[in-house]
Every structure is written in structure tokens, then in C-alpha cells.
Amino acid sequence: MTERQLRKRRNLLEREAELAAVDEALAELTETGPGAGPGGGVLAFAGSAGLGKTTLLAEIRRRARERNCTVLSARGGEQERGLAFRVARQLMYPLLSPHSADELTRSLGSWFDIVGPALGLCPPVGVSPDPQGLRDGLDWVLSHLVMTQAPVVLVLDDAHWADNESLSWLASFVHRAEQLPLLVVVAYRPDELPEHARAFREPGGPGQRPRDLGPLTPKAVRQFLREAVGDEADEVFCQELWTLTEGNPFHTVELVAKVADRKLALDESGTSQLRDMAAANQGGHYLGRLKSLGASSRRLAEACAVLGTDVPRSLAARLAPLGAEEAVDATERLVEANILTTASDRGEVRLDFVHPLIATAVYRSIGDSMRVAMHGLAARAVIDAGHGATAAARHLLEVGCEDDPWVVETLRESAAENIRLGAPEAARKQLYRALLEPPADEDRAEVLFELGCASLLTEPHNTVNHFKSALADPHLDRDPDLRQKIITRLAQVLAHSSRHDDASAVLGQEILRTKDARAKLRLQADQFMWDAFRTDEPEAPARSRRLRKLAGALPGNGLTERWIIGMRAWDATLRGEPVETVLGYARRALGDDLSWAQEERGFELPVIVALTFMYADRPGEAEALFASGITEFEKRGWRGAHLAFAYSLLGYIRYRRGDLIKAEGYARDGLRLAGRVGPRTPVHWYAVSILIEVLLARGRVEEAWALAAEHQFGEAYPAAVVFPDSQTVYAELLLARGNTKAAILELEAVGKRLGARGVRNPSWCPWQLHLARAEAGRNPERARFLAEDAVRRAREFGTSSAIGQALRLAHEVTGEGLAEAMEHLAASPAAYELACAQVTLGAEQHVPELLHEGLEGALDCGADGLAATARAALAAVGARPRTPLNGGVELTSREERAARLIAGGEPRAKVAADLSTDETEVSRLLSSVYRKLGTSRAGLHEALPPARG
């Protein structure tokens with residue numbers, strides 16, 4: 001047998017257990033009929049070099065195709081680890097590329113624009129996706145392919161050499177395989193697998209390990225030798241062969257081929273020659289064979305080793321360098337020598353090594369200086385061949401620094417493309433290398449700025465250093481636009497790192513040195529923003545005065561002016577100025593192009609304008625703005641902190657409206673997304689604060705306490721302003737658990753902090769009202785003062801919800817104002833607050849009708865604790881809850897009204913108008929009705945009994 005025949009033999013020795021596991025997994029994957037599940041799972045095979053991973057995976061692919069499975073296949077490459085999403089492209093491009101962009105848009109929806117560039121399906125355009133959003137998109141696209149091409153077997157060979165972007169994505173995706181008709185099969189060298197791919201070390205979950213491939217036993221080596229060269233091989237010779245190869249399948253095949261080629265004696269007399277051959281084989285006998293094939297074959301093989309895997313022969317010939325006919329001859333010799341394999345792709349012959357070990361050995365056999373020179377030539381060759389800057393950049397990372405402007409330009413171009421793809425880490429490495437080249441003096445600041453932008457998500461501390469280095473560059477003064485970009489980005493990253501004081505200081509210094517009026521206004525807008533989010537701002541009242549004066553003089557032309565006007569609306573909200581003033585500024589700030597996804601501006605202004613509407617009792621307008629923001633984030637693939645903020649704050653709006661069930665769902669979505677960003681970040685504080693507030697309103701105090709403990713909530717507070725105020729929320733939690741003394745200490749600290757900043761609006765932070773409740777038992781005079789002052793401030797702000805909530809909570813101290821509170825709350829969107837007031841007043845005055853209304857309101861809101869209180873109060877006055885509609889089911893009055901109108905044939909629009917709400921709310925009410933009655937719209941008429949008198 002030739003070496004090629006030996007390597008292609010189908011019967012794999014001593015891999016019966018592995019193949020049995022594969023057959024079992026494939027059988028489960030392809031099972032059909034009643035009771036059959038998705039059948040997916042993960043198989044991982046770990047083994048050192050040469051233990052037959054590639055051969056095993058080839059057999060798995062063959063068996064999968066025999067069972068009519070769709071096979072997605074990829075292989076990591078030692079030389080291509082720096083090519084972002086290379087493995088992801090190998091897996092999915094073959095199935096997606098035959099379709100046009102229009103077809104892909106129809107099938108993949110908005111995900112096509114996000115993942116298309118990463119998969120090589122379309123050029124990158126527009127705003128870059130964040131890495132998390134891109135991973136979500138890859139998850140969706142792969143899941144879509146699995147469901148449309150099921151059953152699917154995904155095979156990844158040499159996972160340890162996969163690019164970081166693909167490998168980290170796949171490692172996070174594999175846990176989904178069991179829920180899909182997808183079998184994931186990976187093979188890797190365990191000592192070289194990166195830490196971020198640890199999921200492959202426990203492929204089936206905790207406690208399950210990959211299958212370790214061991215060396216062949218003496219028995220298997222004996223069988224293999226006798227099959228290859230004849231049964232006459234005696235035991236001594238076979239044992240010596242096993243000892244020399246240590247049972248490594250690759251080395252065994254290699255040495256057996258030499259035995260056959262040399263026609264060695266297969267007994268003890270041949271063992272000395274066998275040992276000599278094995279010693280010469282340490283670097284691989286193919287290196288010696290390669291030398292014997294002539295200079296052109298050697299140069300072509302070396303060119304392939306430098307270029308990587310799946311190499312176009314024309315490109316390898318150019319690097320070698322060889323003429324066309326000479327390259328064809330060299331290829332034939334290398335294929336015959338079992339060093340290279342060939343494949344044809346659209347008329348282009350492509351070359352690859354028979355085994356990765358051969359590629360590694362050939363690459364390492366090239367002298368250091370020659371290897372560096374070949375990488376430099378390869379970079380220019382791939383550019384000339386039309387493969388682009390990114391293909392060239394990986395070669396430029398291997399060459400020495402020579403002060404070459406072309407190298408800097410190519411690396412920057414590649415980095416920019418990687419940023420647009422959603423691979424900032426790859427861009428960061430390339431820009432670091434560009435700095436070392438180095439760039440021209442006049443370009444250095446811009447390269448540092450680009451490097452800072454690439455490092456923003458992964459290395460915020462280094463980002464600050466890069467921006468500061470750029471600002472210190474003496475050539476920067478020639479480019480004032482670049483300087484302002486650097487300043488605003490530096491302030492942004494400082495603020496997002498909870499260093500708002502440093503952000504303000506940087507902007508303040510630049511404001512003093514800037515002469516251009518429009519540039520100065522932009523810097524002032526940013527300073528107003530970051531100062532507003534400082535918990536320790538020393539001159540908040542003075543800032544408010546400056547902001548009031550400046551915003552009043554601006555007509556609102558352009559985004560910068562509207563930014564300042566929007567900040568004025570927010571400041572007026574915090575200070576509790578009349579709601580008419582607040583709304584006037586908020587509407588002026590909106591304009592018609594207030595984007596949520598501007599990289600240079602951030603999304604803070606749209607957020608605070610939307611929340612201004614919420615506090616101004618315009619929750620519908622606030623939700624509409626958040627809905628547009630979420631759409632914009634998802635469309636652009638911004639699914640990290642941006643989306644976490646949006647969902648958390650949307651939950652807060654729902655909480656303020658009294659829709660506690662939806663509020664909890666949004667808050668949990670926000671917390672889940674915040675977990676991707678990291679603990680104790682601002683977005684994490686928002687999500688936890690809002691979820692605790694919602695759980696308290698639903699009456700689940702101990703669950704809220706457990707959540708606080710889980711996230712170390714209350715042990716420290718954020719340096720940035722968070723709403724609802726975290727310390728106040730924690731004090732509410734303490735009050736709910738009866739720890740009044742600790743709550744008082746927290747609330748007094750809140751009052752001192754907010755008082756210094758001029759924050760007076762109890763609608764934004766009702767700390768006075770909660771402190772009054774806490775003090776009522778031990779210091780009633782102080783409690784009354786606090787409560788009455790909060791009511792006065794609420795009246796100054798002027799919204800129905802603010803006045804109603806303040807009166808309701810003050811009633812616990814003063815015993816007054818609850819009837820007026822109900823009047824205000826009935827005119828407000830605060831449904832939960834109204835239900836609280838109804839239950840309290842109904843219980844105090846023994847009015848069953850109020851208790852019934854409060855109970856229905858509590859049920860409608862999802863306030864289970866309040867509903868229990870209402871039932872207890874009804875029992876105490878000798879009344880019972882209204883008779884359930886059907887089988888013990890309780891519908892709220894709004895649910896019943898919506899259900900009867902729909903059952904009577906009314907359209908949703910008319911139902912919404914009848915209930916003074918929107919169609920989304922009608923859908924929510926009907927969903928609740930269907931769930932409670934166990935029916936659908938078709939059976940609604942029969943499920944509803946006659947109307948109650």
C-alpha cells in the first residue's frame with residue numbers, strides 16, 4: 001500500500017467506542033415519528049497531534065451524509081487564526097451564498113444586514129454592530145439554517161486553531177444544540193484550546209467530558225502493519241514499530257509507508273533499520289521527501305505553508321515564485337508524494353496539505369528571515385490578487401517594522417473593516433501593530449484615536465490612555481475636528497466607566513481652549529450631560545442656572561442645540577419645575593431625527609427625553625420613543641448595554657403605569673441582557689433597582705430581598721445617577737421587611753445627597769415620603785413635616801400621578817388627603833397607585849364597593865399582595881369578592897368589558913376607544929382572559945356567562 005492508500009483506509013483502528021457514540025447520536029438526530037425530540041447534542045473529541053482526529057471527523061461526515069443529514073464543515077487553521085469569522089464563514093457561507101441579497105433579506109430579515117458582512121455575504125455598511133449583537137445574529141442564522149435544513153451535523157476540526165470570534169460564538173451557542181435537530185462535533189488539541197472555548201471541555205453539561213483519543217495499542221499497530229505490508233511481519237518487528245511511534249496513528253502510517261517503500265525485512269533483522277528510519281523521521285520524512293522533489297516543489301509547498309489552508313494555486317505560484325507550467329508540475333509531484341491535496345473551485349485549483357502536521361513542519365522548516373520576508377511578499381500578493389486588506393493584514397502582523405506607510409495604511413484599512421464586521425479585538429491587534437511601524441507623525445494621533453475606539457468595549461482603561469496619548473500629540477492642533485472627536489469620546493468612556501468627574505474636567509478644560517462657537521457648544525452639551533449623571537456634582541444648582549439660561553436662548557437648530565434643550569427638560573424634571581415647562585422643553589428637544597444609535601453621541605438624550613414624558617404623565621409617548629429605540633438598536637445589532645437599558649427602563653414605564661406583570665417581564669429581560677455586560681455596571685444597577693421595585697409592588701418582598709442579596713444590592717451604590725434611585729429602592733425594601741431604623745439611615749443619606757444637587761421632585765424620588773412613613777412611629781412631628789413638604793413639591797410639579805402618590809403616602813402619616821389622592825390618581829396613568837388608594841380608603845371607611853374596585857385594580861395590575869390585602873379587608877367588613885365568572889375564575893372589570901365587547905363582535909379599535917386605551921393594551925387584557933377561562937376567541941362567547949346585574 002502507498003501512504004495515500006494507508007491514510008484513506010476506511011476501517012479506523014480502535015475507534016469503535018467513538019464511532020458507536022457517533023452512530024447513537026446520529027440515530028437520535030435522525031429519529032422521526034411520534035415522540036421523537038429534536039435529537040441534538042454535542043460530541044467533542046480531544047487528542048494531541050497525530051491521534052487521528054481529522055480522519056475520525058472525515059468518517060463522521062461520511063456517515064452523516066449517508067443518513068441524509070446536512071453537513072456544515074469547517075477547520076481551524078494555524079496561520080488563519082487572525083481572520084475574524086473565518087470558521088463561521090466556512091460553516092454557513094456554502095448554504096447561504098447561492099441566494100441573492102433580496103432572497104436572504106426575505107429569509108433572514110434584519111439579521112442579514114447584521115451578520116451578512118461577517119459571513120462574507122455582503123460588504124459592511126453603516127453603523128457597526130456590537131459583538132454581542134453579532135453573536136445573537138449568528139445564533140439566529142445558524143438556528144434558522146438548522147430548522148430549514150434539518151437534520152444538521154456541524155463538524156469543526158482543529159477547533160484550537162479557530163479564530164477567536166468564531167470560537168467564542170460557537171462555544172456560547174453549543175448549549176442550544178440539544179433543543180435543535182443539530183449535532184455539533186468538534187475536535188481539538190486539549191493543551192491548545194483557548195480558555196474562552198471551555199464549553200467544549202464539558203460538551204454535554206457539567207460532569208460530562210470530551211472523549212479523549214488515545215494512541216493505538218500494540219495489537220492495533222500489529223494489525224495495521226500486517227494489512228499494509230504482509231502477514232509475515234513478526235512480533236518483534238511489530239512491537240518495535242509500536243515502541244518507536246508510541247502508537248501515534250499519524251507517525252505509524254508514515255513509518256509503515258517507509259517500511260513498504262524500502263521493502264524492509266519484517267523480522268528482528270530489520271529493527272535496526274526501522275530505528276534509523278524513525279530517527280530520521282523526527283521532523284517528518286516528508287521534509288526529506290520534499291527536498292528530493294526539487295526546488296520548485298519545495299518553494300510551492302513553503303508558499304502554501306505561509307498562505308495557510310485552501311490556497312489558490314495561482315497565488316501560491318506567485319509567492320513561490322513559479323511560472324504556470326512549473327507550478328502545475330510541482331503540484332503533481334507534491335500530490336504524488338502525499339504532501340498536498342488538490343480541489344477545484346470554479347476553475348481555480350486550490351491546494352492544501354494532507355495533514356496539519358505536515359503544514360506545521362514545512363512552515364517551521366523555513367528559516368526565520370525567509371519566513372518573515374515571505375509573509376511580507378504574501379501581503380502584497382493577496383492585495384494584488386484582489387483578496388483585500390484583511391487577508392493581507394494577518395501577514396503584516398508577522399513582518400518586522402520598517403517605517404513603511406503602505407503597511408500602516410493596509411493595517412488601518414483592515415482594522416476599519418473588522419470594526420464594521422463587529423470584530424473590534426481583531427482591529428485592536430492590527431492598530432497596535434500599525435503604531436509600531438510607525439505611522440507618519442501627522443497620522444499618529446488619528447491611529448491612536450482609532451485604536452482607542454477599537455479598544456472601547458474590551459479595554460476601557462487602555463482606551464483612556466490611547467485617547468490621552470493622542471491629545472498629547474503635537475501635530476493634533478492641525479486637525480481641530482479630530483481633536484474634538486477625541487475629547488468627546490474620551491469624556492464618553494470616562495463617564496461610562498463611572499468617572500463622571502473626570503469626564504466633566506476634560507470637557508471643561510477643552511471648553512476654555514476652544515475658540516469655535518459651535519464646537520464649544522457641543523462640548524458644553526456633553527459636559528451638561530455627564531454632570532447631570534454625577535452623584536457627587538459639587539455645583540449642581542449653578543449648572544442648572546447656566547443650563548436654564550443657555551437653553552432659553554437656543555432656537556433648537558441642529559442636534560447639539562436640541563441636546564442642550566433636552567438636558568434642560570430633564571433638569572427641570574429633577575428640580576420639580578411645573579410640568580408645562582418640562583413638556584415644553586421636551587417637545588422642542590425631540591425634533592424629527594433624534595436617533596438612539598449614534599456612535600458619537602450615545603443614547604442618553606433620547607432616554608431622558610422619553611423618561612421626561614413618563615414623569616410628566618405621558619407614558620404612551622415615552623413607550624413609543626422606547627419602542628423606536630429598541631427597533632433601532634436591534635436593527636443595528638446593538639444588543640448589549642443599549643438593549644439592556646431600553647428593556648429595563650421600558651419595564652419602569654410599565655411599573656409606573658401599573659402594568660406590573662409586563663413590567664416584571666421587561667425588567668427581567670433587562671437584567672438578563674445586563675448580565676452580558678457585567679456586574680455592578682450602571683445598566684446592572686438600573687435593572688436590579690427596577691426589578692426590586694416591581695417585586696415590592698407585587699407583594700413579593702422576600703423574593704426582592706433574595707434578588708438584592710444575589711446582586712449585592714445595598715452593599716454599595718453606583719457613582720452614577722440611577723433611576724429609580726438605588727439607595728431609595730433599598731430603603732423601601734428595608735421598610736417592607738420591617739427594618740425601619742436602617743431604612744431611616746439610608747433615606748436621610750438620600751435626602752442629603754439629592755438636596756445638595758437641588759433635586760426636589762418626589763415623583764422622581766419619593767425619599768421624603770418614605771422617610772415620613774419610617775419616622776411616623778417615633779417622630780410624628782418630623783414625619784408630618786416631611787410628608788406635607790413632599791405634597792407641596794408634588795403640587796408644584798403638577799402631574800396627577802405625582803400629587804396622587806404623594807397624598808396617598810402622606811396619608812399614612814397625616815391621616816388626611818386620601819379621597820383627593822383617589823381623584824388625582826383616577827385622572828392619571830398610575831393604575832397601581834389608584835388601586836392602593838382604593839383598598840386603603842375602602843378598608844378605613846368600610847366601603848365594600850371601593851374594596852371591590854381596588855381588588856379588581858390589583859388583579860388587573862398583577863399586584864398579588866395588594867389583592868390579598870383587599871380580600872382580607874372585604875372579609876373584615878363582612879363582604880365577599882364578587883362572584884367569579886366561571887369555575888372560580890376572577891376577571892377584572894376591564895378584562896370582562898373587553899371580553900364582552902369582543903365576544904359581541906366589536907373590532908379591537910372600538911374596544912380600545914371604549915376602554916380609553918390602545919389596541920396593545922386590549923390584546924394584553926384578552927390574553928389574560930383567554931388564559932383564565934381556558935379558551936380562545938372562537939370559544940369566548942360560550943365561556944362567558946350572562947352579564948352580572
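Start with β1 and strand β4, residues 182-188: they pair in the parallel sense over six bridges. On terms, helices (H or I, at least four residues) and strands (E, at least two) are DSSP runs, numbered from the N terminus. Two strands pair if DSSP finds at least two bridges between them. In that pairing, Gly41 stands opposite Leu183 of β4.

Before going on, the ground rules. This is a predicted model, in which local features need pLDDT of at least 70 and side-chain atom pairs count only at pLDDT 80 or more, while totals for chains, interfaces and linings use all residues. Residues are numbered from 1 along each chain as its sequence is written, and side-chain values use heavy atoms, with hydrogens and water left out.

Back to the strands. β1 also joins strand β5, residues 211-212, through two bridges, and these two run parallel. Ala46 has Asp212 as its bridge partner in β5. On its side, β4 pairs with strand β3, residues 152-157, in the parallel sense over five bridges. There, Leu156 is partnered by Val186 of β4.

Are these strands buried or exposed? For β1, residues 41-46, six of six residues are buried. Buried means under 20% relative accessible area, exposed over 50%, and partly exposed in between, with a 1.4 Å probe and protein chains only. Both faces of β1 are covered. Gly41, Leu43 and Phe45 are on one side, Val42, Ala44 and Ala46 on the other. β4 is mostly covered as well, with seven of its seven residues buried. Leu182, Val184, Val186 and Tyr188 point one way from β4. Leu183, Val185 and Ala187 point the other way, and all of these are buried.

Now zoom out. The chain has 48 helices and eight strands. Its C-alpha trace spans about 110 × 75 × 50 Å along the principal axes. Of the 949 residues, 56% are buried. Residues 24 or more positions apart account for 67% of them.

Next, cavities. How many cavities of 30 Å³ or more does a search of the whole structure find? Six. The grid is 1 Å, over the protein atoms alone; a cavity is a set of points where a 1.4 Å probe fits but cannot get out, and lining residues have an atom within 4 Å of a point. Points are joined across faces, edges and corners, and a volume is the space filled by probe spheres set on the points. The largest cavity holds about 140 Å³. Its lining has 18 residues, with Glu78, Gln79, Gly308, Thr309 and Ala359 nearest the centre. Elements giving two or more residues to that lining are α14 (295-307), β8 (348-353) and α17 (356-365). The most come from α17, which gives four. By class, the lining has seven nonpolar, six polar and five charged residues. Here Ala, Val, Leu, Ile, Met, Phe, Trp, Tyr, Cys and Pro count as nonpolar, Asp, Glu, Lys and Arg as charged, and the others, Gly among them, as polar.

Cysteines, quickly. With a disulfide taken as a pair of cysteine sulfur atoms within 2.5 Å, the count is zero. Cys304 counts as buried because its relative accessibility is 1%. Cys401 is at 43%, so it counts as partly exposed.

Last, the backbone and a few loops. The bond from Ala320 to Pro321 is a cis peptide, with omega near -15°. Pro321 sits in the loop between α15 (313-319) and α16 (324-336). Phe723 and Pro724 are also joined by a cis peptide bond, with omega about 0°. Pro724 is in the loop between α35 (701-710) and α36 (726-736).

Two residues other than glycine to check for positive phi. Phe85 has phi near 65°, in the loop between β2 (70-75) and α4 (86-96). At 3% relative accessibility, Phe85 is buried. Asp403 has phi of about 55°, in the loop between α19 (388-396) and α20 (405-421). Asp403 counts as exposed, because its relative accessibility is 53%.

One more loop residue: Asp234, between α9 (218-229) and α10 (235-245). Leaving aside neighbours within four places in sequence, Asp234 contacts Arg226, Leu266, Asp267 and Glu268. At 24% relative accessibility, Asp234 counts as partly exposed. That's my list.

Terms used. On a 1 Å grid over the protein atoms alone, a cavity is a set of points where a 1.4 Å probe fits but cannot get out, and a pocket is an open set with protein on both sides within 12 Å along at least five of seven lines; lining residues have an atom within 4 Å of a point. Contact means heavy atoms within 4.5 Å.
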